[in-house]
Amino acid sequence: MTTLALPGTLVDAASSQTALRRFLHDLPGVDQVGAEARIAALSTRSIKKQAKLQAIDMAISMTDLTTLEGQDTPGKVRALCAKAMRPDPTGDAPPVAAICVYPDLVATAVDALQGSSVVVASVATAFPSGRSSLDVKLADTKMAVDAGAAEIDMVIDRGAFLAGDYGKVFDQIVAVKQACRDAHLKVILETGELATLDNVRRASWLAMLAGGDLIKTSTGKVSPAATLPVTLVMLEAVRDFHDRTGQYRGVKVAGGIRATKEAIRYLVVVNETAGPAWLTPDLFRFGASSLLDDLLMQRHKQQTGQYWTSDRIPVA
Amino acid sequence: MIDLVTPTWEYAPAPEARDLANIKPSYGLFIDGEFVDPRDGQVFKTVDPSSEEVLAEVATAGPADVDAAVRAAREAYDDTWSKLSGRERGKYVFRLARLMQERARELAVLESVDNGKPIKETRDVDVPLAAAHFFYHAGWADKLQWAGLGPDPKPLGVAGQVIPWNFPLLMLAWKVAPALACGNTVVLKPAETTPLTALRFAEICQQADLPSGVVNILTGAGETGAAVVGHDGIDKVAFTGSTAVGKQIQRQIAGTKKKVTLELGGKAANIIFDDAAMDQAVEGIVNGIFFNQGHVCCAGSRLLVQENVHDEVIDRLKRRLGTLRLGDPLDKNTDIGAINSSEQLERITSLVATGEQEGAESWQPDCVLPERGYWFRPTVFTKVEQTHTIAQEEIFGPVLSVLTFRTAEEAVQKANNTPYGLSAGVWTEKGSRILWMAQRLRAGVVWANTFNRFDPTSPFGGYKESGFGREGGRHGLAAYLQTGW
Amino acid sequence: MRLDVRKTYKLSIGGAFPRSESGRSYEVSDHKGGFLANFSQASRKDVRDAVVAARKAFPGWSGATAYNRGQVLYRVAEMLEGRRDQFVAEVGASEGLATRKASREVDAAIDRWVWYAGWSDKFAQVSGSSNPVSGAYFDFSVPEPTGVVAAIAPQESSLLGLISVVAPIIVSGNTCVIVASEQRPMPAITLSEVVTTSDVPGGVVNVLSGFTREMAPVLAAHLDVNAIDLAGAAPADVADLQAAAADNLKRVVTPRAEDWHVDPDPGRILAFTETKTVWHPMGV
C-alpha cells in the first residue's frame, strides 16, 4: 500500500529534522482548559432512543476486540474470534471491526476468522514500550504481516519524541509502513506519556506525515490511556489534515473505555469535531475488551426496556 | 477502501419534562411575605417565546403597590433585619442557597420556558451560579469587618433593584444576595417578559422562613421600575439593563441621597491574535456571541481578528457554526434557543438589515426555524468597519461583526473605540501580551483565552457607559454598604 | 428493660476507624470521676500512619476549588446540627456541664464551623494582592495551604475549642492530624465520625485519642509535618516542642489564653498558609 502523495508544502515539512521541528512547533497550540471546557460541553449531549441504539451499533462495529496478555493462548484467541464474529447469539448485534492480538497469535486468529468480515490486527514494534532497535521492530512487523495481519498497530518511539528527535520517530514510521506492505498502519502515540495536548497535536501530525493510516491514542498498558480531550485534539488533527491534503486518516481510542455512556461521548466528539464522515469503522475504532459487554447490555436494555444481566452475555 | 457515503446520525429529541416548571395560572405581587393582588387590579401575560403560548397572568405593581412594598421593606429593616447579627443573617442566606440547590431542576425548567434559553444553559450555568452567589455572600454576612471597607461597615437600608430579562434568576441573585448579606432589605422588579423565576424565588423565601418584608418582588413593566427607583423610601438603587435606561435612572435620582450602581450595555471586542490556540479561540468566539442567543451585556459581539489569520478563522468558525443546534429550548441538545420577545426580534432584524445596507457581508448556517415563536439564526457579518452601525450599536442578539487589525496597538485602539467598556477577550498563547493588552483595554472584565466566565468571587462591571459599580467579590460588597463613596 | 448498645471509641485515620496498632486503651472518666468509656491509646506508629494518610489526602483536598471545599464544610455543619443532641450529651458528660450550658457550647461550635466554612472562598481575597512593582511586571501574591498540619486540641474545651482549631486548618486546603483532648476526647471522636460521613475525603482530618505527652513530641519532630498548633500542649512542654519543630522549620502556633466563645479573626487560617508571589512581564 503506497502512501498517497502529499502536497508540496507538507513534503517540505518532512524534508529534514529542522524543517520537521519547525513545522510541528508552528502548529497552533492547544489551550488545555479550553479543550476540557469543549469536552464538558459536548458531554452534555443527551443521546436517547433511536439515536442511542444507532450509536451502540456503530460502536460495536467500530470495536477492535483485543487481547494482549502474556497469558494468551490459541484457545483464548479462538474464543475471542468467535465472540468477534457473533458478539451476542441471543440478539442481532453486528460483528466487530477487528481482533487485535500479539504477532505470534495472528495465524490462529486468521484461521478462526476465515470467511468473516472481521479483520486481524496485530500489535508490533516491541509493543508496548517500543524500546528496541529498528531491525527488531521491523522483524516484529514482518512476522505479523507474513502471518496474515491486515492491520498493524505500531508504537512510536516516545523517548525520541520527548528528546526532540522527531526525525528518528518519523523515519521509524516510514520504515514500518513499508514493511506493512498492504496492511493498514495504525500509529500508537501513547498520549499518556506525551503529557501535553500540544505534544499530542505534534505527534498526530508527525504520524500522518510519515504515512500512518490511523492515529491511535494508547497501548492500554499505561495510565492515563484514552481521554476525551486527547481525542478531541487528534480529531482536529485528522480534520485539518484532510483540509490540507484531501486525504482521510482515522483515529482509534484505546484503553480505559468500559462503559457505553463513555463510548457514546466519544462518538459525539467525532461527530461534532471531525464530522459525520468519520463515523465509520474505516476511520474510527475503539480498542476494547470489556466495553463490548457493556454495549451488548445497553443494547438489550434499549430494545426491551429491561435492565440486563451479564449472566446472559457470553464470555470469550 | 474508505466508504465516503456520509453516515447520518440524528440526535433523537431529548426533551426535559415541561411540567416540572409547575406554573400556576396567575400570580400576585410578593409584598411583606405574602402574595397579594395588585391594588389597582392591573395584570399582564407572560409568554413562552419559543411557542408564543401564554404561561401565566402576572400582576402589574402600581404606585400604591410600590409604596406598600417599600414600607414593608423599611419596617423589616428597622424592626428585624438590622437587628440581626451578621451570623444569623448569613444563616438565612445559606438557607436560600440550599433551597435553590434543592429546587434546581424546577428552576431551570421554569427559566427556560419563560426566557426561551436552552435548558442546557439554565441547568448548567444560570441556576448553579445563582445558588453559588447566595452561598458566597452568605459567608460574608458576619465577616464584613475584613472586607477592606472599614472596621464596622453598615448597610444602606432599603435597596430598589431592577433587573433585565436575559438572565432573570441569575441577575436576581447578583442583586439580592449581596444586599441581604450586607444587611439591607430589598424591593426587586424583574423584567416584564421574565417574571416567573423571581416569583418562584419568593416562594423559596417563604420556605426559608425569611422574615416578612426582607425581600419583596414587584412584577410590572418600565413604569413599575421607574416608580421603585423614584420612591423616596429607597436608599439604594441597583439597575442592570440598557444604557439608555441607565442614564434615565441616573438623571432621575440626581439631587437625592440615593446611592446607585448601574450595569449596562456593551459592545465587547473579542481579539484573536495569529498565535492563538486556534480551536479554542473559535470556541471562544462561539461562546462569546452565541451563548444565550447573544443576549448578554458582555457578549463578544465584535470579533477583532489579526488580518493575517482572518480567512482561516472565519472558515473554522463557519464550520463550527454548522454543528449548532437551534430549536426547542427544553430539548437537552439545543444550543440556540428563542429570542426573548417580538420586540427584541424586531430590533435584531432591523439592525441586521442596516448592516447589510451599509455594506457588510452576512452569513448564516442552515438552521430550520420552528414555525411559531421568536427565532433568529446565528449571523456572522464580515467586512465590518468601526464606522458601521452594527459595529457601534449593541444588537443584543446572535449577530457577530468581524473586523481586522494588524498590530496589538491597533487592536487596542479599535477595541476601546466605543462609549461602552464592559468586557473584552484576548486570545494569544503569549502571556506577556495578555497582560499588556489587559492593562490597556478600557473594560471592566478582560477574559484571556476564555470568555463569558462568571464566578461569585470575581468582580464584574463596566467602564465608561457600560455602567459603574461592581458585582461579585469583595469589591461588590461596597455597593451595599455605607462606604462614603 | 432494654440494654443499650454501648459504643467503642476508636481512632480515625484515613477515613477509617482502626483501634490503635498497639492494642492499648485507657479509661476516661466523666466529671464526677465515674467510668465514661475506654478510648484507644494511640501509639507513635498510629501517629506515623495518620501523617501518611494526611499527606496522601493533601493533593486532592488542596486541589479542590474553594467553592467545593466550602460546600463540603457547610455540609459538615448540617451533619453537626443533625447530631446536636448527641453532642450536647457528650460535651455535658465530658466537661461536667448541665444541659443548658452544654447546649450553648454546641451551638457556638456549630456556628463557629459555619463561620470558617464561609471563609473558604474569601480568605484569598483578603490576604492576596496584586503588587504595584516598579517595572512592566504583573506581580501578584496568593495564599496557599502549607500541607500537613498537626494540632494538639485544647484540653478543656472539648468541642468548641476543638472546632476552633480544626476548621481553620482545613478550610484553606491543609490536611491535619489532631491529638484529641486527653481527658475529654469523646466529642472529637464523634466529630471524626461526622467528618467521615460528610463528603470530606478520607485523610483530611485524622483524630488520635491517647496521651498528649506521648504523641505531641512525635508530631513536633516529624519531618513530614509542615506546621503545628500547640493549643492543647502543657505549658511546661511548649519550649521543647517548639525546639523539636525547628528541625524542618515548622510553622508553629503557640498557645495563649483563649476565650473560645469570642469570635475570632481569620488569623488562624492564614497562619497555616504560605504566600506565593508570581512575576510576569507585560509586553507585546
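A salt bridge is a side-chain nitrogen of Lys or Arg within 4 Å of a carboxyl oxygen of Asp or Glu. By that rule, six salt bridges run between chain A and chain B. The model examined here is predicted. Over all chains, the structure holds 74 salt bridges.

## Two interfaces

Start with chain A and chain B. Here 33 residues of chain A are in contact with 32 residues of chain B. One of the salt bridges joins B:Arg319 to A:Asp243, with N and O 2.6 Å apart. Which elements of chain A give two or more residues to the side that touches chain B? They are helix H3 (32–42), helix H4 (49–61), helix H12 (228–245) and helix H13 (260–273). By class, this side of chain A has 15 nonpolar, six polar and twelve charged residues.

Now take chain B and chain C. In this pair, 25 residues of chain B are in contact with 24 residues of chain C. Three residues stand out on chain B: B:Arg98, B:Trp146 and B:Leu435. Together they supply 26% of the area that chain B buries against chain C, more than any other three residues. Four salt bridges are counted between these chains. B:Lys91 and C:Asp111 form a salt bridge, and their closest N and O atoms are 2.7 Å apart. Another 2 elements of the picture follow below.

The side of chain B that touches chain C draws two or more residues from each of helix H2 (86–102), helix H4 (119–140), helix H14 (431–440) and helix H15 (473–476) of chain B. By class, that side has nine nonpolar, seven polar and nine charged residues.

| Chain pair | Area buried | Given by carbon and sulfur atoms |
|---|---|---|
| Chain A and chain B | about 2800 Å² | 51% |
| Chain B and chain C | about 2300 Å² | 61% |

## A salt bridge inside one helix

Salt bridges also occur within a chain. The side chains of A:Lys142 and A:Asp146 meet in one, at 2.9 Å from N to O. Both residues lie in helix H7 (residues 134–146) of chain A. They are four residues apart, about one turn of the helix.

## The largest pocket

How much space lies in the largest pocket? About 1800 Å³. Its lining counts 50 residues. Nearest its centre lie B:Thr457, B:Ser458, B:Pro459, C:Gln125 and C:Phe138. Elements of chain B and chain C that give two or more residues to this lining include H14 of chain B and strand S4 (137–145) of chain C. Strand S4 of chain C gives the largest share, six residues. By class, the lining has 27 nonpolar, 15 polar and eight charged residues.

## The largest cavity

The structure holds six cavities of 30 Å³ or more. The largest has about 110 Å³ of space. It is lined by 20 residues. B:Lys175, B:Thr261, B:Arg470, B:Glu471 and B:Ala479 lie nearest its centre. Helix H5 (168–181), strand S9 (236–240) and strand S10 (259–263) of chain B each supply at least two lining residues. By class, the cavity lining has nine nonpolar, seven polar and four charged residues.

Note on methods:
Residues are numbered from 1 along each chain as its sequence is written. Chains are lettered from A and ligands numbered from 1 in the order in which they are written. This is a predicted model: local features need pLDDT of at least 70, side-chain atom pairs count only at pLDDT 80 or more; totals for chains, interfaces and linings use all residues. Side-chain values use heavy atoms; hydrogens and water are left out. Contact means heavy atoms within 4.5 Å. Buried area is the accessible area (1.4 Å probe) that two parts lose on being put together, summed over both. Ala, Val, Leu, Ile, Met, Phe, Trp, Tyr, Cys and Pro count as nonpolar, Asp, Glu, Lys and Arg as charged, and the others, Gly among them, as polar. On a 1 Å grid over the protein atoms alone, a cavity is a set of points where a 1.4 Å probe fits but cannot get out, and a pocket is an open set with protein on both sides within 12 Å along at least five of seven lines; lining residues have an atom within 4 Å of a point. Grid points are joined across faces, edges and corners, and a volume is the space filled by probe spheres set on the points.
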